[in-house]
Number of protein chains: 2
Amino acid sequence: MRVTLKDIADEAGVSMMTVSNVVNGKRARVSPETIERIQRIVAERGYVPSASARSLAAKSSRLIGLLVPAADEDSLMISPHNVAIVGQIERELRKGGYHLLLRGIAAPAEVAEALQSWSLDGAVLLGFLDEEIDRLTARAVGKVSLLAIDSYSANPLTTGVRSDDYTGALLAARHLLELGHREIVFAGPSFSDVGVVHERFAGFQAAFAEAGLSWRERLVSANTTHASGRELGRRLMSSHPSATAVFATADILAIGIMEGLAETGFSVPSDVSVLGFDDLDLSAYVTPKLTTIAQDIPRKAAIAVQLLLGTIEGKEHPVDPITLEVRLIERASTAAPR
Amino acid sequence: MRVTLKDIADEAGVSMMTVSNVVNGKRARVSPETIERIQRIVAERGYVPSASARSLAAKSSRLIGLLVPAADEDSLMISPHNVAIVGQIERELRKGGYHLLLRGIAAPAEVAEALQSWSLDGAVLLGFLDEEIDRLTARAVGKVSLLAIDSYSANPLTTGVRSDDYTGALLAARHLLELGHREIVFAGPSFSDVGVVHERFAGFQAAFAEAGLSWRERLVSANTTHASGRELGRRLMSSHPSATAVFATADILAIGIMEGLAETGFSVPSDVSVLGFDDLDLSAYVTPKLTTIAQDIPRKAAIAVQLLLGTIEGKEHPVDPITLEVRLIERASTAAPR
DNA sequence: TTGAAAGCGCTAACAA
DNA sequence: TTGTTAGCGCTTTCAA
């Protein structure tokens, strides 16, 4: 059967506590020779501590949840943008000696259930809208640290990490305005008065304001999917005949729009400029290559984990939200209007 | 603090075992009224069983590992093809009342460590080469069920699920041959005598054999990445001037090749036809849209989980490997040679 | 520097 | 149909 602490203790002729201390690196409490002897036996016998037993006996489980939306009984909704984040989060946790529980959330109650059943030390919320986050965390238990990625929620239970969406959209709109565009469509999911898309919309408008221009209502609502973008692209020039450019809140949407435009005989960028947000790998593979706003995704994930582990281990107060820089990547999908 | 079994038992005026039986659905052992009363209290108090405690006391943890390669200290290597699989596996496990531990594997020893520390009931290996799988599972403990995705390993410790790679490549080569191509390059990672790429190579050659043609050595080695494909595409027509078509073992590679060809002034499909494997979403977004071999990815994942849970719960013997159908998706990147 | 006792929350195997 | 006993493997607390 399994090699236990007791086995090691017996073989070393010491108590379980001594072995426990050695295994957990509390070396101050054990003599050097004992440490070495125990370590040798541990290696020989291939002893691996039982995480369940440790989690049960100690306050901490060293387990972190990664909670992702999963529309009712459905598969996880991991967008291309979020894939990289998942990988980075796992890596950072592993480096810190934590394990990752990946869990799809179909109903709010599942958050509390996930948190409690495995006594998670904390959890990262990835891919939820701000409105949902408040609802989800409302029922959460007090002890666990929560961190939401891409959140602007003022919820004191969660810390947030996000890119500078406001500035990103500002840069995007500025770029199009500088090229000479005036009739620019804003395409993105419908939004409330808080959240990523709201920020981008505000930044977008600010660019017009700083240029002394007024932006006439040219808001188009679309899901953040290729299919939705394609459909939008197909009818764009008939619904907005005078538009010369589109800013989409996500690359995948922008790429769909480009396809829809191409299908209806419009050429990018000579007829219409298209600008995205995210800088997915994919965006450099399509034709024309997409001009977009790039986020530092690995950094976003690394900081998320740092903050989370910080509040868990240091019992620091949840830190203020952190905002990461973005930058414009000029490629081939934008040009001066004709 | 936490609501425990004992709390519920006290409040209901019964023993812990009775509550335990109700919670675990062993209703045959409890009277209907008791069941109802206990269930009411459980709901009222928001009782959630402790998975660690259960795992410690019972044989099973209801935790499954998803083990993914993570080149030394690096982030997880989740290819576009594997992302969908991760999501589906989580979903299937959740439906079955299991949880998923996502873990990057940098060194063989980490497999056993992951398995043991959380007393995993089983694990899915995703993204490993067959050669690695044997090495990884060698040290694994006996009890846990292992299942490798896309594996042809004869290893008795693991069951495998994979697409019909042989037939996929056969269909691909047949398609190109029927279009009239004779000088076809096979582009893929270097391979040994077992595994996915080996199968595809065998299928590819078989198509020539059945057409009574001999395939002259036109094997090009490249990593399964866009960058590697692009580089390959750039030098393809100078290294193989008479080639009229390329079969790549992965869409992402094929897309890179198309880009490299375009950069050096060759047009797809009029100068060179390109055919991929996987049918990523992405492959329909690029220009020209990629002709490819489609796999049923959700099904692959669902079957993987079914098999794994089958051997875990039913203690059935590891089943024979399962092979899933593939089909040719004809799009715009292939045409008759000039 | 080391050890003993108690218990984390649960379930298996019996007993009643 | 229900309860009792005895742990699962570890850490905490306190004593030596």
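**Cavity, pocket and DNA surface**

In this predicted model, α5 (80-95) of chain A and α5 (80-95) of chain B each supply at least two residues of the lining of the largest cavity. The second largest pocket holds about 1100 Å³ of space, and residues of both chains are among those closest to its centre, including Arg2(A) and Gln116(B). On the surface near DNA strand D, α2 and α4 of chain A and α2 (16-23) and α4 of chain B each give two or more residues.

**Largest cavity**

- The count of cavities of 30 Å³ or more comes to one.
- The largest cavity has a volume of about 50 Å³.
- Chain A lines the largest cavity with Ile78(A), Val83(A) and Val86(A), while chain B lines it with Ile78(B), Val83(B), Val86(B) and Leu102(B).
- By residue class, the lining of the largest cavity has seven nonpolar residues, no polar and no charged ones.

**Second largest pocket**

- The space in the second largest pocket is about 1100 Å³.
- The second largest pocket is lined by 33 residues, of which Arg2(A), Val48(A), Pro49(A), Ser50(A) and Gln116(B) are the closest to its centre.
- Two or more lining residues come from each of α2 (16-23) and α4 (51-57) of chain A, and from each of α4 (51-57) and α6 (109-117) of chain B.
- With four residues, α4(A) gives the largest share of the lining of the second largest pocket.
- The lining of the second largest pocket is made up of 16 nonpolar, 10 polar and seven charged residues.

- Of the atoms of DNA strand D that come within 4 Å of the protein, 62% belong to sugar and phosphate.
- Leu5(A) has a polar backbone atom 2.5 Å from a phosphate oxygen of DNA strand D.
- A phosphate oxygen of DNA strand D also lies 3.1 Å from a polar side-chain atom of Thr34(B).
- At a base of DNA strand D, an oxygen is 3.4 Å from a polar backbone atom of Leu56(B).
- The elements that give two or more residues to this surface are α2 and α4 of chain A together with α2 (16-23) and α4 of chain B.
- The surface near DNA strand D divides into 14 nonpolar, eight polar and two charged residues.

Key
Residues numbered from 1 in each chain as written. Chains lettered and ligands numbered in written order. Predicted model: local features only at pLDDT ≥ 70, side-chain atom pairs only at ≥ 80, totals over all residues. Heavy atoms only, no water. 1 Å grid on protein atoms, 1.4 Å probe; cavity = no way out; pocket = protein on both sides within 12 Å on 5 of 7 lines; lining within 4 Å. Points joined across faces, edges and corners; volume = space filled by probe spheres on them. Nonpolar A, V, L, I, M, F, W, Y, C, P; charged D, E, K, R; others polar. Near = heavy atom within 4 Å. Polar contact = N/O pair within 3.5 Å; in protein donor to acceptor, adjacent residues only side chain to side chain.
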